[in-house]
Amino acid sequence: MPTPIKLSSRNDYESFLEKFDTFLLDCDGVLWHGNTLLPGVREVLALLRQKGKRLIFVTNNSAKSRASYSLKFKKLNIEVNENEIFCSAYIAAYYLKNILKFPKEKKIYVIGESGITEELDLEGIRSCGSSEDDDGKDFDFNDIHPDPTVGAVLCGLDTRINYKKIAKAFNYLYSNPDCLFLLTNDDSTIPYNGTLYPGTGSLVAPLIKSLNRNPDAVMGKPNKPMMDCITNEFQLDVERTCMIGDRLNTDIQFGINGKLKTLLVLTGISKEHDILIKNAPIVPDYYLPSLGDFSELCK
C-alpha cells in the first residue's frame with residue numbers, strides 16, 4: 001500500500017489545492033472541537049471559496065438538523081448554504097422518503113435527538129419516541145405494546161437513552177419482522193473536549209445483540225446512502241474531489257469507498273502513527289497536522 005504524502009510546505013499546499021475543484025469536509029475534529037473553531041479554519045474556508053472551490057460539509061452527527069448546523073456556522077462566522085450541509089439526520093430522512101419510499105400511513109420510532117425529528121418533519125414523515133419517552137417515570141412492561149403503524153426504528157445518538165426506549169424499539173422490531181431497523185451512523189465513539197465517549201454504534205449494541213439482527217441500513221460515513229445523497233445533489237468529478245477528515249474508519253474510508261482522493265488532518269481522532277504503521281488497514285492519500293495549515297497561503 002502506498003505511503004501517504006505529508007503536506008508540509010507552501011508549495012505542497014498550492015500543488016494540492018490545484019488538483020481539486022470540490023472538497024468534502026468533516027466537521028468536528030476538522031473545523032472545530034465542540035463549539036470552538038480550530039485555528040486558521042475560517043481563513044482557509046474563505047480562501048477555498050475565493051479560489052472557486054466547492055465545499056460540502058459531511059457529518060455523522062445526527063443531533064442537529066441542517067438548519068441547526070447553518071446557525072452554528074453563522075455563529076462561527078463561516079459562510080455556508082444549507083444545501084452544502086449533509087448530516088446523518090438529513091440523510092436518514094432523505095433515504096426514507098426518496099429511496100425506501102416510506103409509506104405515508106406508517107411512522108418512525110426514533111431513538112435520538114431533535115435533529116432527526118426535525119428532518120423527518122421536513123420530509124413529511126411521521127415519528128414518535130425521541131423526547132416523548134424521556135418522561136422519567138418508573139418503567140412498566142405493561143406499558144409497551146406492538147404497534148403495527150411503526151414501520152421503522154431509526155437510531156441515532158441519544159444522550160437521554162433509557163431502558164424504555166430500548167424496550168420499545170426491541171418490541172416493534174421483534175413483533176414485526178417487516179419493521180425496518182435503521183441507524184443514522186454506527187460510530188463506536190464520539191469526540192468531545194479532547195476525549196472520547198460512546199457513540200451511536202455502541203448505544204444500539206443492546207438491540208443488535210437481543211434481536212440477533214444487524215441494521216438494515218446505516219446512513220452516515222462510510223456507508224453508501226450518504227454518498228448517494230450527495231451525488232444526487234451535486235455532480236462530482238471523482239478525479240477532482242477530495243474528502244478531508246480526521247477519522248480513518250469513517251471519513252477516509254468514506255472517501256475511498258467513493259473513489260475520491262483523501263486527506264487526513266491530525267486534529268481529531270486518528271493520528272500519524274495510525275497511517276504509518278506497517279500494514280495499516282486504512283491509509284489516506286495525503287495528510288497534514290491541521291486544516292488551518294493551509295492559511296499559510298493567506299499571507
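This is a predicted model: local features need pLDDT of at least 70, side-chain atom pairs count only at pLDDT 80 or more; totals for chains, interfaces and linings use all residues.
Start with the peptide bonds. The one that joins Lys221 and Pro222 is cis, with omega at about 5°. Pro222 sits in a loop, with strand 13 (217-218) on one side and helix 9 (224-233) on the other.

Helix 9 also turns up in a helix pairing, this time with helix 4. The axes of the two come within 10 Å and cross at roughly 80°. An angle from 65 to 115 degrees counts as roughly perpendicular, and helix 4 and helix 9 are therefore roughly perpendicular to each other. On the helix 4 side, the contact involves Ser88, Tyr90, Ile91, Tyr94 and Tyr95, which meet Pro225, Met226, Cys229 and Asn232 of helix 9. Sorted by class, this contact has 7 nonpolar and 2 polar residues, with no charged residues.

Helix 4 (88-99) is followed up here by a look at the loop between it and strand 7 (107-111), where Lys101 lies. Lys101 is not a glycine, yet its phi is positive, near 50°.

Asn279 makes a second case of a positive phi in a residue that is not a glycine, with a value of about 60°. This asparagine is found in the loop between helix 11 (272-276) and strand 16 (286-288). Because its relative accessibility is 69%, Asn279 counts as exposed too.

Conventions:
Residues are numbered from 1 along each chain as its sequence is written. Side-chain values use heavy atoms; hydrogens and water are left out. Helices (H or I, at least four residues) and strands (E, at least two) are DSSP runs, numbered from the N terminus. Buried means under 20% relative accessible area, exposed over 50%, partly exposed in between (1.4 Å probe, protein chains only). Axes are lines fitted to C-alpha atoms, for helices over the stretch in contact, and angles run from 0 to 180 degrees between N-to-C directions. Angles under 35 degrees count as roughly parallel, over 145 as roughly antiparallel, 65 to 115 as roughly perpendicular and the rest as oblique. Contact means heavy atoms within 4.5 Å. Ala, Val, Leu, Ile, Met, Phe, Trp, Tyr, Cys and Pro count as nonpolar, Asp, Glu, Lys and Arg as charged, and the others, Gly among them, as polar.
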